Amino acid sequence: MARVAVEAGKIEPVSMPLSLRQPFRDAWFELAALLGGVILWEVLGWSLAMPWLPPFSKILEALVQFVQSGVILGNVATSLEGLVIGFTISLFVGLFVGALMGRYRRVEKALDVYVNALLISPAMIFAPIFFAIFGLSGAVRIAVIVMYSLFVIIMNTATAIRNVDPALVEMASSFGANERQIFLRVLLPASLPLVFAGIRLGMGRAVKGMINAEMLIAMVGLGALAQRYGSQFEAAKVFAIALVVLIIALVGNWLVQAVENRLTRWAD
Amino acid sequence: MIQIRGLSKEFLGRDGADTGVLAIDSLNFEVRDNEFLTVIGPSGCGKTTLLRIIAGLIPFDEGEVQIDDVPVTGPGADRAVVFQNFALLPWADVLTNVAFGLEIRGASKSECEATAMRLVKLVGLEGFERRLPKELSGGMQQRVGLARALAVNPQILLMDEPFGALDEQTRRLLQEQLLRIWDQERKTVMFITHSMEEAVLLGDRVMLMTPRPGRVKEIIDVPLKRPRGQETEKSTTFVEIKEYLWENLRSMQVLDQRGEA
């Protein structure tokens, strides 16, 4: 079927209703899959009757108990405090260092090997060093969270800046833009979609770092709670805490996504 | 007036060793005030390099590049570039893109807006001020590119195969529009192309370049009266110059399949 592309507008898709319905169908499908998983869990939990796999309803019960007794609230607050501080540090340092690495070859050459090494090395290895530096304080926990989340943000930001279309930078230069203008008016906005991909990964890793630090180092917050019930073989309670952690991770991800959507609407 | 004397430019090999490629070899020519000079030549003749040197975007090795007797040392307020691939900011709407150059040069917000509005109107994009580049056709995107260049009111317009990425119909419409605008806002234009029709239709003179290394073969006068349009292309002069260009380009191995664009 031949259509003439008109200067003024794009060609309208013919199958409009179908393409409109598609996202809704996907959402229902996802919900159904989730519900199916829960039902399967419940059935397996009852029929297997294994201590390590309590039925889903038991987990929810444990969660409700946690909330009612108030034990969860204080621990969530403690965990979130570490997460927010650690992630914020990672975010600012990561964006700054990443931007410099992306823009300046020399900086990249100098730091690349370190960033790569620290990105793949297990952060917990450095715990003793953090103890030596910060002593027995909450700073150790935060340092672990930063170790977990910083380097993926640096890497993604550097890649994002490096991948900005050089034609845009040349265009800005042709109008006499200085380095600051090139950074703020071209590189920063152009790199945002990829930068946010890194921030989202960083958020996920920060939550992991938070729990690991709490379980293995600081013995506070949700991690300590999970550790305690784990050693008592209270599977339902451990799963309930895992559920809370999952919710924190999802909300964090959702917050990043919300900011991202506002800033990068043009890239859809 | 743009004056080029003994201009040479060599691109270094990958390892910076002396395996360099001579892109431009001792060029001499002038672009007169308010002249429309088109530059044509096969791939590898250094025409884009030449334009970027005049724009002040890349350095050169030997010779002189002067604009009204002032040596070019970098980009300047007297010049603006229209790029082959438009180079529009994908996150910014039409108005913001058109105002970009002005904003970089520190114009006030109200001045940016007023000028951008005027130019959007001039290139016929009224009603599209708030659209994003991706919502526009290629032809409309390049009109934004043209408006952005004109917005800073340059004395010289440097156009690097601006219509090369467009389809034939759109290209023709934009050529006509460019000629109309050039008639209203007299500028010195240096226009790179590899379309022979385009070179003859637009130019007061056509500069023919040879490849590897890039040299000026000849500068040909185009004594066709303006305003030019569809009728122009039927005239014998037009056809003769076009044929002449083709004979020359053919002999320069235009058939060696190495597309530059």
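Two strands are taken to pair if DSSP finds at least two bridges between them, and helices (H or I, at least four residues) and strands (E, at least two) are DSSP runs, numbered from the N terminus. The structure is a predicted model, in which local features need pLDDT of at least 70, side-chain atom pairs count only at pLDDT 80 or more, and totals for chains, interfaces and linings use all residues. Residues are numbered from 1 along each chain as its sequence is written, while chains are lettered from A and ligands numbered from 1 in the order in which they are written.

Axes are lines fitted to C-alpha atoms, for helices over the stretch in contact, with angles from 0 to 180 degrees between N-to-C directions. The loop between β10 and α7 of chain B contains B:Gly229. B:Gly229 has 13 other C-beta atoms within 10 Å and is therefore partly exposed (buried means 20 or more such atoms, exposed 12 or fewer, and partly exposed in between, with C-beta atoms placed from the backbone).

Helices α4(B) and α5 (residues 168-184) of chain B pack at an angle of about 30 degrees, with their axes 10 Å apart. The two helices, α4(B) and α5(B), are therefore roughly parallel to each other, a term applied to angles under 35 degrees. The contact is made by B:Gly138, B:Gly139 and B:Gln142 of α4(B) and by B:Thr170, B:Leu173 and B:Leu174 of α5(B).

Between the chains, 20 residues of chain B are in contact with 15 residues of chain A, contact being defined by C-beta atoms, placed from the backbone, that lie within 7 Å. On the side of chain B that touches chain A, α2 (94-104) and α4 (138-151) of chain B each supply at least two residues, and α2(B) gives the most, with 3 residues. This side comprises 15 nonpolar, 4 polar and 1 charged residues (Ala, Val, Leu, Ile, Met, Phe, Trp, Tyr, Cys and Pro count as nonpolar, Asp, Glu, Lys and Arg as charged, and the others, Gly among them, as polar).

How values were computed:
Contact = placed C-beta atoms within 7 Å. Parallel < 35°, antiparallel > 145°, perpendicular 65-115°, else oblique.
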